[in-house]
Number of protein chains: 2
Amino acid sequence: LPGDQIEFDRIRGIIEETYRQFGFGNIDTPVIERSEVLLAKAGGETERQVYRFNKGDTDLSLRFDLTVPLARYVAEHFNELSFPFRRYQIGKVYRGESAQKGRYREFYQCDIDIVGKDKLGIYYDAEVPYIIYRLFRRLDFGRFVIRVSNRKILGGLMESLDLADKTTEVLRIIDKKDKVSSDKLVDMLTACGLESKAIEILVGFAGIVGSCNEVLGKLKGMNVTNEKFGQGIEELGVVTDMMVRMGVDERYFGIDLSIARGLDYYTGTVYETILVDHPQLGSVCSGGRYDNLASHYTDQRLPGVGISIGLTRLFFKLNELGLVSGSGVGAADVVVVPLGADNIVCALETGQWLRDNGYKVDVLIEDGTKIKEKFRYVAKKNAKAAIVIGDDEQKAGKYLLQRELADGSLEKKILTKAQAIKELKMICG
Amino acid sequence: LPGDQIEFDRIRGIIEETYRQFGFGNIDTPVIERSEVLLAKAGGETERQVYRFNKGDTDLSLRFDLTVPLARYVAEHFNELSFPFRRYQIGKVYRGESAQKGRYREFYQCDIDIVGKDKLGIYYDAEVPYIIYRLFRRLDFGRFVIRVSNRKILGGLMESLDLADKTTEVLRIIDKKDKVSSDKLVDMLTACGLESKAIEILVGFAGIVGSCNEVLGKLKGMNVTNEKFGQGIEELGVVTDMMVRMGVDERYFGIDLSIARGLDYYTGTVYETILVDHPQLGSVCSGGRYDNLASHYTDQRLPGVGISIGLTRLFFKLNELGLVSGSGVGAADVVVVPLGADNIVCALETGQWLRDNGYKVDVLIEDGTKIKEKFRYVAKKNAKAAIVIGDDEQKAGKYLLQRELADGSLEKKILTKAQAIKELKMICG
C-alpha cells in the first residue's frame, strides 16, 4: 500500500545513496536470461526454485540472484570495465518457494561487489564491512553486530586433520553450537565419522570467543601447522585491525568462527549482520570474498568481495516489529484545495508555486466534492497541511492554511505568500 | 554499461522526482501475476507477445504494461486508497516482440494515473499535460509539442454520419493524413465503404488545423448536431484553455485531431508528445482519459486519466542522437589513491571525510598496482579529481589533488584540508 511503499522507498533510497557515496556504479541486468547462462552453475534446490519457461525456441529463466547476472555481465563487458570494478545493483529476483509470511517469491536484493582483475587486495575485505557499518548506522534499525570470519581458518584446520572432505558437514554442525549442548555437539561430530582427537580440537575451535585480539590469539595458540589456516588468521587479523583503525567500535563487530554462510561459494572473509535486539531475523546483510566470480563465462580470473541485503524480507519483518512505519510521510506535503470551479486556476498556480519552493503538492481539483470529503482526502493522504483557496482568499491574494494539530483540533491561518512559505517551512521542513 | 546507466538513472530520477512533486505516490506491483488476472482484457497481438508459463499448477504471465496491474491493484485495495488516487509506477514490462534496435522485450515504462471513484473532473485532463510540460522542460531534450485531442469529437461525428461502427477504421486512415495526398485519403475512405458526402465531411475534418481557438471555432462551425461531438469540443476547450491559463505556451502544445492513440482504451482526452527536432521517434509520452479502469476486476466505476513514457526506447534513441551522454558524470567524484600500504588507513579516512562533505568517493586500495595504472583507473572512472596520499602528505597532514585539465595536461596541487574542500567545491560543485 502507498504508505508502506513510501517507507520502503525511503530505506531503499538510503541503501542506494550509501552505495553511491562509496563510488559504486549501478548496473541493470535483464530479469530474463537464457537458462543455459543463468543456470550454468546452479543445481539442486536453486535449480528447482527457478522460474523457467520457453518462449518460441528459447529456454529462459528469471534471475534468482544478482550474482550470476553480474558474472555474466563482467565476462561480457570485460574490456570495457575498469578494475577493481565497483558495482551496485538493486533489483527483483525470483524464487519459486512456497510463499509464506516474510518469504517472497519475488523480492528485492541490494548488492554491492568489488571485482578485481586477477587479484584484489585484502583491504577491500575491510572496506566492505565498513560500508555495512556506515549503512546500518544510517538506517537506524537499532543495535547491530557485523560478524566476521574467514573460511580458510576452518578449511585449513580440517586439512591439517586430514578431513578436508568433511569441511561442509562440520561447518553445518559448528553453526549450531549456540543452539545445542556441547555433548550434543560431540554426538553430532561423532555421527559424522570423526575420531575423538579431531572432535576435541573442533569443539575447542568452536568454543573460541572473545574480542578480536583474544580470538586471534587463541587461534594462533592452537599451533596448527597448515598454510591455509595461517593465511586465514592473517587475513582476519588485517580485516579486523583495519576496521578498528577506520573507527568501527567493537560494539558493532566481532569475530564469529561459526559463520556458515555460502558453504561453497565463499573462499575467504565472510560476513553476517545481526540486529542485536531482533536475532530471530537472522542475518540481514551477508556476503564475503570469492576466488573467482565468473569461471563459467570466462577464463579470466575475477576475485571479488561483496554483500547482499534481502530488502523485501527485511522490510516485512521490520514493519511487523513496528520499526519502519513511524515517519508518517505522505505522497504530498501539501494539498491545495480550491473551494469552487472559479478557484481552480488559482489553486493550480499555487500548487506550482509551492512545488517551485520544494514541496510535493497535490491539487485537489475534483469539482463538486463536498468540503468535508475534501479534508478527509487531505488527512488520508498524510499531507502535513492544506492550503484552501476560496473566492475571498483569491481576491485578497491570500492563503488559508489549515492543518490538524497533534490533539486532533484544526488550526486555520490566513496568510500572505511570504507568511505561508515561512509557516510551511516550519511545518514541513 | 556504467556510463550509460548513470545517464539513464539521471533521466529516470528527473521523471520520478517530477511525478513526486505533483503528489503521486509510488506503487510496486509484481512482475509475475496469474495469467487469468493479467490477460483478462488482453487479446490478439498483446496476448501473443506475453511471456506466459506454468510453475507447478499455476498459469503465470509477466506484466506487459503497468495499466493492467494498476487496475488489479485499485480493485483489490479499493477500500484502503484515497480517491482521486494519484499513483506513479516506474518498472519493467515484458513483450516478446522480435528484438530489434530500439525495440526491447524487457523495457521500462514510467506511468502516472489519476483514478477517480465514480467520477473524475475534467480539470485533471489539463493537469496531466501540464505535468508533461513541466517534465519535458526539465528533461531538456530540445523542443517538444504536446498534441491534444478528444476521442469524443470524431466519435460523435461518426455517430452523426451513422458510421459509428467504422470509427476505428476511419481514425486509422485520418492518422495517415500527413503522409498521403488528399486524393489518396479519399481513395482510402472510399475503399472503407463510405459515401461521398461523408468523405467530404471527414476530409474537411481531417484538414482542420490552426491554433487551439481556431480549431475549436472550425469544429463548432461544422454544425454537427450530436451530443458527444459537442461534449468533446467542450472538454477540449476546457483542457486547452486551462493549459493556457496555467502558463503553457502554445509553442509547446496544440490540438491535433488525428491522434489515433489507444484505439479502444481511451474515451475522451488523448495526448501525444513529439520531440519537434526528432519526429521520427514518434510519440515519447502518450496517454489519455478512460471511462473505466478496472471493469474486469470490480463493479466500481473508476474513470481516470494517465500517461506513460517508454523510457528504455526513448533513452536508446536519444543516446543514438547524442542527446544524453554529455554529462560525463562518473560513479565517483573523487578517487583517493594511497601510494603505499602504509597510506591505506589514511586514504580510507580521507575517503570518509570527503563523503561526509557530500562527495561520492572511491578509495583505490588495491596494493601493488603501478601508479600509472592507478591513474588510468581514475580517468576511466570519469572521476573529476584524484587525491593522492603518500608518506609526505600523510606526515604533513596535506593532500595532493591531481586532475586532468581540459587540454589534457595534469594539474597537481598540495593542499591543506580546508583548501582541498574549497578546491573540490570549485571542481565538483
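Reader: How many residue pairs are in polar contact between chain B and chain A?

Author: Welcome! This is a predicted model, and the count between chain B and chain A is 38 residue pairs in polar contact, both partners being at pLDDT 80 or more. On the side of chain B that touches chain A, helix α13 (residues 344-356) gives the most, with 7 residues. That side divides into 39 nonpolar, 14 polar and 23 charged residues.

Reader: How many residues of each chain are in contact, and what makes them count as such?

Author: In chain B, 76 residues are in contact with 76 residues of chain A. They count because contact means heavy atoms within 4.5 Å.

Reader: How much area do chain B and chain A bury between them?

Author: About 6100 Å², with 56% of it on carbon and sulfur atoms. In chain B, the residues that lose the most area to chain A are B:Lys55, B:Tyr123 and B:Glu366, together 10% of what that side buries. As background, the size of an interface is often given as the accessible area lost when the parts come together.

Reader: What makes the relation between the two chains that of a two-fold axis?

Author: Chain B can be laid on chain A by a turn of 180° and a shift of 0.0 Å along the axis, with an RMSD of 0.0 Å. That is the relation of a two-fold axis. Among the residues of chain B, B:Phe53 comes closest to the rotation axis, its C-alpha being at 2.9 Å.

Reader: How do you know that the copies meet through the same surface?

Author: The interface residues of chain B are, to 100%, also interface residues in chain A, so the copies meet through the same surface.

Reader: Why is the pair of A:Asp9 and B:Arg20 called a salt bridge?

Author: The closest N and O atoms of A:Asp9 and B:Arg20 are 3.9 Å apart. The cut-off is 4 Å between a side-chain nitrogen of Lys or Arg and a carboxyl oxygen of Asp or Glu, so this pair qualifies. A:Arg20 and B:Asp9 also meet in a salt bridge, at 3.9 Å from N to O. This pair crosses between chains, with A:Arg20 in helix α1 (residues 2-21) of chain A and B:Asp9 in helix α1 (residues 2-21) of chain B.

Reader: Why is the aromatic pair of A:Tyr133 and A:Tyr252 called edge-to-face?

Author: Their rings are 5.4 Å apart, centre to centre, with 70° between the planes. A:Tyr133 lies in helix α5 (residues 123-139) and A:Tyr252 in the loop between α11 (227-245) and β8 (253-255) of chain A, so the pair ties together parts that are 119 residues apart in sequence. Over all chains, the count comes to 38 aromatic pairs.

Definitions and conventions: Residues are numbered from 1 along each chain as its sequence is written. Chains are lettered from A and ligands numbered from 1 in the order in which they are written. Side-chain values use heavy atoms; hydrogens and water are left out. Buried area is the accessible area (1.4 Å probe) that two parts lose on being put together, summed over both. A polar contact is a pair of N or O atoms within 3.5 Å; within protein, one must be able to donate a hydrogen and the other to accept it, and residues adjacent in sequence count only if both atoms are side-chain atoms. Helices (H or I, at least four residues) and strands (E, at least two) are DSSP runs, numbered from the N terminus. Ala, Val, Leu, Ile, Met, Phe, Trp, Tyr, Cys and Pro count as nonpolar, Asp, Glu, Lys and Arg as charged, and the others, Gly among them, as polar. Copies are superposed by least squares on the C-alpha atoms of residues with pLDDT of at least 70 in both. Rings of Phe, Tyr and Trp (its six-membered ring) pair if their centres lie within 6.5 Å; planes under 30 degrees apart count as stacked, over 60 as edge-to-face and the rest as tilted.
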